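Biologist: Please take me through this model and say what each term rests on.

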There are 2 protein chains.
Amino acid sequence: MIEKTKVFTEEEEILIQKFLRLKTDAGSHSPSIFTLKQKLPELPIKIDACFLSNPYATDLFLNYFTKEIINTGRIRELLEFYPSQNQVIAEIIANFLKINPASVFIGNGAIEIIQAVIHNFVKKKIVINIPTFSSYYEFAQEGVEVVYNKLEKSEQYRLNTKRYIEFIKKHKPDTIVIINPNNPDGGYIEHHEVKVILDQVKEVENVIIDESFIHFAYEDNSFNPINTSDLLEQYQNLIIIKSMSKDFGIAGIRAGYAIMSPEKITSLLKNGFLWNSNGLSEYFFRLYARPDFACDYNKVRVRYIQETIEFINELHKIKGITVYPSMANFVLLELNNGMTADDFVTTLLIKYGIYVRTCSDKIGLVGEYVRLASRTKDENAYIIKSLNDFFNS
Amino acid sequence: MIEKTKVFTEEEEILIQKFLRLKTDAGSHSPSIFTLKQKLPELPIKIDACFLSNPYATDLFLNYFTKEIINTGRIRELLEFYPSQNQVIAEIIANFLKINPASVFIGNGAIEIIQAVIHNFVKKKIVINIPTFSSYYEFAQEGVEVVYNKLEKSEQYRLNTKRYIEFIKKHKPDTIVIINPNNPDGGYIEHHEVKVILDQVKEVENVIIDESFIHFAYEDNSFNPINTSDLLEQYQNLIIIKSMSKDFGIAGIRAGYAIMSPEKITSLLKNGFLWNSNGLSEYFFRLYARPDFACDYNKVRVRYIQETIEFINELHKIKGITVYPSMANFVLLELNNGMTADDFVTTLLIKYGIYVRTCSDKIGLVGEYVRLASRTKDENAYIIKSLNDFFNS
């Protein structure tokens with residue numbers, strides 16, 4: 001096994017070195033597919049399985065976009081004119097979600113909201129569960145104490161609600177962050193459990209729940225979407241953050257929103273965040289709030305969930321890896337063959353053209369891990385075939 | 001005259017009331033054309049002369065975009081994938097401008113950069129020339145003293161360099177803001193004068209020069225673009241901010257950049273601003289740095305400048321208004337007929353379908369003013385015809 005991974009041609013070795021340099025330059029996030037394609041056009045990427053996005057939703061958006069924007073010539077106004085202001089778009093979303101427009105904030109992707117919230121509301125101490133999405137601690141400003149709540153490998157990195165609440169009560173942070181389902185492992189906290197936590201952390205000023213992957217979670221075979229947008233009424237300290245990139249397959253558009261108390265939003269809008277949408281994201285948000293699109297979208301959402309379940313079932317059959325439980329559109333894989341995550345990523349890329357996310361930079365993981373995204377049915381089949389080939393040969 | 005402006009039909013009066021309500025809701029910025037079209041579809045807007053954008057540049061961008069992105073199907077990757085990180089795009093621009101990549105910062109429109117700079121670098125005191133673009137003082141955070149340097153009507157709102165330097169030396173701010181050409185009057189400070197100022201304000205920590213309209217300025221009949229991007233080498237306190245919306249006609253894309261010291265950029269990137277581009281703005285920035293596009297762009301830039309000069313010449317012939325000197329793609333008009341700016345805007349909109357920007361909310365202007373954008377040759381002709389009709393009837 002180890003031997004095989006060393007067998008690269010000279011050209012492959014050069015490619016590997018170039019790829020590793022790009023990766024170092026990109027810091028704590030993977031280099032984008034654009035950057036890779038531009039700087040390393042010779043890299044044979046067949047499948048970007050770093051990329052956490054529903055491809056069928058991209059198809060769907062593209063259908064609407066082609067029909068309504070490209071074919072009608074409306075693309076010109078999207079490019080030429082300023083988008084509407086933050087509050088105008090917030091109102092559209094609020095009407096759709098049937099919540100107070102003053103409690104919706106629009107972001108240029110969820111990442112801008114994470115930045116805004118961490119910079120503006122975290123005062124002294126933030127509790128972050130690890131492993132996690134690194135921006136939550138990277139954005140913490142000087143003077144803020146970051147306290148890590150370590151998710152346990154022995155519990156498959158699931159959040160233990162009881163211990164978590166004790167941890168919060170002990171550390172008394174002003175801010176806590178829960179990603180649900182969690183990134184990078186996909187661990188899911190059921191809706192009733194979320195409420196148990198919220199009931200116990202009322203003294204925490206900011207309870208951030210990042211629901212960027214919630215559209216891939218389900219609690220029964222109906223696959224109905226989990227709706228938490230009405231929780232703010234009861235829990236005023238709640239800040240729900242939603243990326244649209246993953247579930248709607250439109251990372252390039254940069255669209256996200258948050259639900260939080262009107263007081264918090266007013267303080268953000270008071271000096272900034274006026275025109276942080278763009279023509280495309282405004283079109284998307286207006287589409288998002290339309291019943292015809294919502295209905296079509298739900299079909300591709302359920303289809304993708306079902307295919308992801310099949311994909312994960314197949315992964316479980318592969319020897320040499322441990323598959324952690326996930327309710328997201330990706331899985332955390334632990335390598336049991338003695339290889340490092342970084343070497344595995346490079347080998348998979350060079351030998352099979354599959355780009356997966358190393359978790360070697362993720363704090364809180366014990367062992368060697370990669371994060372693997374679910375893609376289209378055909379791509380998933382190719383990934384399974386390649387992994388079988390790799391681990392069996 | 002006054003009488004005519006009072007003669008509205010009942011339908012027009014209702015429209016006016018609805019329009020004024022929308023305007024109030026939009027705060028210190030005009031409601032966008034999207035918002036107006038959606039909320040007031042019955043409003044007969046023929047020309048958006050609030051909108052400060054080169055329409056020929058939009059045509060040009062649209063040609064490239066259609067050929068390279070729409071017709072090739074590459075639109076999918078722009079929508080689906082994450083754009084490159086801030087520094088990757090910064091490098092592309094820096095190579096084009098032949099400056100240090102570490103001194104370029106990408107923004108989701110210039111407005112995001114203004115927000116970032118004002119929030120992160122202004123410590124105690126900021127000097128702002130008025131009239132100005134309101135975000136510069138609106139974004140100032142609590143505890144920051146905003147000191148206004150009043151541009152004089154008797155000097156046609158031009159910046160008096162000598163008095164300005166004295167003002168700075170007296171008030172000792174940590175930050176000063178110069179918009180060149182200025183918004184809303186288009187007043188221009190020649191390149192050699194900018195250097196005179198920079199030589200005298202070396203003790204100021206942040207010298208913001210907003211060059212969002214500089215592509216419309218010229219110093220001789222060659223209409224060569226004014227280039228200040230190399231000034232940072234000599235003046236480390238300089239922060240040049242450039243919107244791409246106006247000169248390239250792509251406000252919907254949200255693209256802007258800044259040139260400032262690598263230390264300032266590092267401190268911004270340290271906790272945020274990672275993915276603040278989008279698929280379209282990344283495509284635009286890559287296009288911006290291409291010689292073929294640059295050459296085509298310069299033609300539409302010069303054409304638009306020449307037509308704007310003709311437009312301003314025609315405006316000078318209209319009795320009832322004073323036209324202030326402008327080197328931007330708009331002019332500040334003072335009304336001499338006893339009408340308020342707000343009434344004039346409403347009348348022009350309802351009677352002629354021309355949407356102009358009232359300056360009634362602009363601090364530092366003495367009198368009644370509107371800001372009028374130069375549009376296409378045909379639109380400019382319609383504006384001239386309408387103004388003549390209005391002021392002569």
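This is a predicted model: local features need pLDDT of at least 70, side-chain atom pairs count only at pLDDT 80 or more; totals for chains, interfaces and linings use all residues.

Modeller: Residues are numbered from 1 along each chain as its sequence is written, with chains lettered from A and ligands numbered from 1 in the order in which they are written.

Biologist: What makes domain 1 and domain 2 of chain A domains?

Modeller: Domain bounds come from an automatic or database domain assignment. That divides chain A into domain 1 (2-58 + 295-392) and domain 2 (82-290). Their centres, taken over C-alpha atoms, are 26 Å apart. Domain 1 of chain A puts 27 residues into the contact and domain 2 of chain A puts in 29; two residues are in contact if their C-beta atoms, placed from the backbone, lie within 7 Å.

Biologist: How many residues does each chain give to the contact between chain A and chain B?

Modeller: Chain A and chain B give 45 residues each.

Biologist: What makes the largest nonpolar core a core?

Modeller: A nonpolar core is a set of buried Ala, Val, Leu, Ile, Met, Phe, Trp, Tyr and Cys residues joined through C-beta atoms within 7 Å. Buried means 20 or more other C-beta atoms within 10 Å of a residue's own, placed from the backbone. The largest such set has 237 residues, and Phe284(B) is among those with the most contacts inside it.

Definitions and conventions. A residue is buried if 20 or more other C-beta atoms lie within 10 Å of its own, exposed if 12 or fewer, and partly exposed in between; C-beta atoms are placed from the backbone.
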